[in-house]
Amino acid sequence: TPEDTDTTVVEVVRGGEEAQPRVPKPGDQVTCRVNKLTSRMATVSILCIGEDAVDDNFDGIIRVADVRETEVDKVEILNSYRPGDIVRATVISLGDNRSYYLSTAKVD
């Protein structure tokens, strides 16, 4: 109280904590580099989530069915991407322990 001059007010302020690293989640737009191609999928490294560069290494897979929305049965992934290509994609799901499943079918 203002009348009590012997009172000490202590304020706790959080500071110095490092920000948690951002992790891709379903629905995120990501920018990737194509690393390896097979007839059924492209293996990529995720470079950015939205406009933010990632600090950790995240791998992704773009399956043949997720390359485009129409005429999926006609997609030849080896003619769609080349190693080193930079690709925008959407995270579909967390996939397995090592890779995120990505899609380029609906990216603007």
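This text walks through one protein chain, from its overall layout to single residues and the pairs they form.

The model is predicted, and local features need pLDDT of at least 70, side-chain atom pairs count only at pLDDT 80 or more, while totals for chains, interfaces and linings use all residues. Residues are numbered from 1 along each chain as its sequence is written, and side-chain values use heavy atoms, with hydrogens and water left out.

The protein contains 1 helix and 5 strands. Helices (H or I, at least four residues) and strands (E, at least two) are DSSP runs, numbered from the N terminus. Along the sequence, the pattern reads β-β-β-α-β-β. The protein has 108 residues, of which 28% count as buried. Buried means under 20% relative accessible area, exposed means over 50%, and partly exposed lies in between (1.4 Å probe, protein chains only). A contact is a case of heavy atoms within 4.5 Å. Among the contacts in the protein with a separation of 6 or more, 51% are between residues 24 or more positions apart.

The interior comes next. A nonpolar core is a set of buried Ala, Val, Leu, Ile, Met, Phe, Trp, Tyr and Cys residues joined through side-chain atoms within 4.5 Å. The largest such core has 19 residues, and those with the most contacts inside it are Val30, Ile46, Ile62, Tyr81 and Leu102. At least two residues of this core come from each of β1, β2 (41-49), β3, β4 (86-93) and β5. The strand that gives the most is β2, with 4 residues.

Aromatic rings are the next topic. A pair of aromatic rings is described by the distance of the centres and the angle of the planes. Rings of Phe, Tyr and Trp (its six-membered ring) pair if their centres lie within 6.5 Å; planes under 30 degrees apart count as stacked, over 60 as edge-to-face and the rest as tilted. A search of the whole structure gives 1 aromatic pair. Phe58 and Tyr100 form this pair, with 6.0 Å centre to centre and 75° between the planes, which is edge-to-face. The pair links distant parts of the chain, since Phe58 is in strand β3 and Tyr100 in strand β5 (residues 99-103), 42 residues apart. Phe58 has a relative accessible area of 12% and is therefore buried. Tyr100 is buried too, with 11%.

A salt bridge is a side-chain nitrogen of Lys or Arg within 4 Å of a carboxyl oxygen of Asp or Glu. The structure holds 4 salt bridges. In one of them Asp66 pairs with Arg63, and the closest N and O atoms are 2.9 Å apart. Asp66 is buried at 12% relative accessible area, whereas Arg63, at 33%, counts as partly exposed. Elsewhere, salt bridges that share partners join Arg22, Lys25, Asp28 and Asp52 into one network. The charged end of Arg63 also sits over the ring of Tyr101, 4.3 Å from its centre. For this label, NZ of Lys or CZ of Arg must be within 6 Å of the ring centre and within 35 degrees of the ring normal.

Arg22 and Asp28 meet through their side chains in a salt bridge (3.9 Å, N to O). Arg22 forms another with Asp52, where the closest N and O atoms are 3.2 Å apart. Arg22 is partly exposed at 40% relative accessible area, and Asp52 is partly exposed at 45%. Asp28, in the segment before β1 (29-37), is buried because its relative accessible area is 9%. The Asp28 side chain also reaches the backbone nitrogen of Lys25 at 3.0 Å.

Finally, there is a loop. Val67 is placed between β3 (52-63) and α1 (77-80). Val67 counts as buried, at 10% relative accessibility. Apart from neighbours within four places in sequence, Val67 is in contact with Ile62, Val75, Ile77, Ser80, Tyr81, Thr104 and Ala105. The C-alpha atoms of Val67 and Lys106 are separated by 9.0 Å, and the two residues are 39 residues apart along the chain.

How values were computed:
A polar contact is a pair of N or O atoms within 3.5 Å; within protein, one must be able to donate a hydrogen and the other to accept it, and residues adjacent in sequence count only if both atoms are side-chain atoms.
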